[in-house]
Amino acid sequence: MRRHSALAAAGGALMLVLAVPGPASAATGQFRYSYQTADGYDAVGFINDPPSRRCIDIQGAGSDGTSAAYAPKNLTDATATVFLEAGCTGDVFYSLRPGAGASDRLLVRSVVFS
């Protein structure tokens, strides 16, 4: 009888753990990109541990009249989909698997992580 009660209690505890929501999902690692400042200087930007499934407009990339960012490097553990347009919109996008990077020719203004 004790064994049956212990199994039932363990099963109930497992169900409780599964029912309680966990922390918000986020990619672990860093997403890097290069861009040119409004003054014409080359700069490197980064996003640490970005949230998953949320569009991020890349700071310094076109939003303030500057040119698009370029040469993205996905050093996170999630797939990053980069877009030429802000707001993760438009027909021009590219997926970077974890650890992958792209050349200076790939221009980006927004990114979303899986």
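These legends describe close-up views of a predicted model.

**View 1. The aromatic cluster.** Phe-31, Tyr-33, Tyr-35 and Phe-113 belong to one aromatic cluster. The count of aromatic pairs in the model is 4. One of them is the tilted pair of Phe-31 and Tyr-33, with ring centres 6.3 Å apart and 40° between the planes. Phe-31 is buried, because its relative accessibility is 0%. Tyr-33 has a relative accessibility of 4% and therefore also counts as buried.

**View 2. The pair of Phe-31 and Phe-113.** Phe-31 is part of strand E1 (residues 29-36) and Phe-113 is part of strand E8 (residues 110-113), so the contact ties together parts of the chain that are 82 residues apart in sequence. Phe-113 has a relative accessible area of 1%, which is under 20%, so Phe-113 is buried.

**View 3. The disulfide between Cys-55 and Cys-88.** The model contains 1 disulfide. This bond joins Cys-55 to Cys-88, with an S to S distance of 2.2 Å. The disulfide is right-handed, because the torsion about its S-S bond is about 95°. Cys-55 sits in the loop between strand E2 (42-48) and strand E3 (56-57), while Cys-88 sits in the loop between strand E5 (80-83) and strand E6 (93-96); the two cysteines are 33 residues apart.

**View 4. Exposure of the two cysteines.** Cys-55 has a relative accessible area of 32% and is therefore partly exposed. Cys-88, at 17%, is buried, because this value is under 20%.

Key: Residues are numbered from 1 along each chain as its sequence is written. This is a predicted model: local features need pLDDT of at least 70, side-chain atom pairs count only at pLDDT 80 or more; totals for chains, interfaces and linings use all residues. Side-chain values use heavy atoms; hydrogens and water are left out. Rings of Phe, Tyr and Trp (its six-membered ring) pair if their centres lie within 6.5 Å; planes under 30 degrees apart count as stacked, over 60 as edge-to-face and the rest as tilted. Buried means under 20% relative accessible area, exposed over 50%, partly exposed in between (1.4 Å probe, protein chains only). Helices (H or I, at least four residues) and strands (E, at least two) are DSSP runs, numbered from the N terminus. A disulfide is a pair of cysteine sulfur atoms within 2.5 Å.
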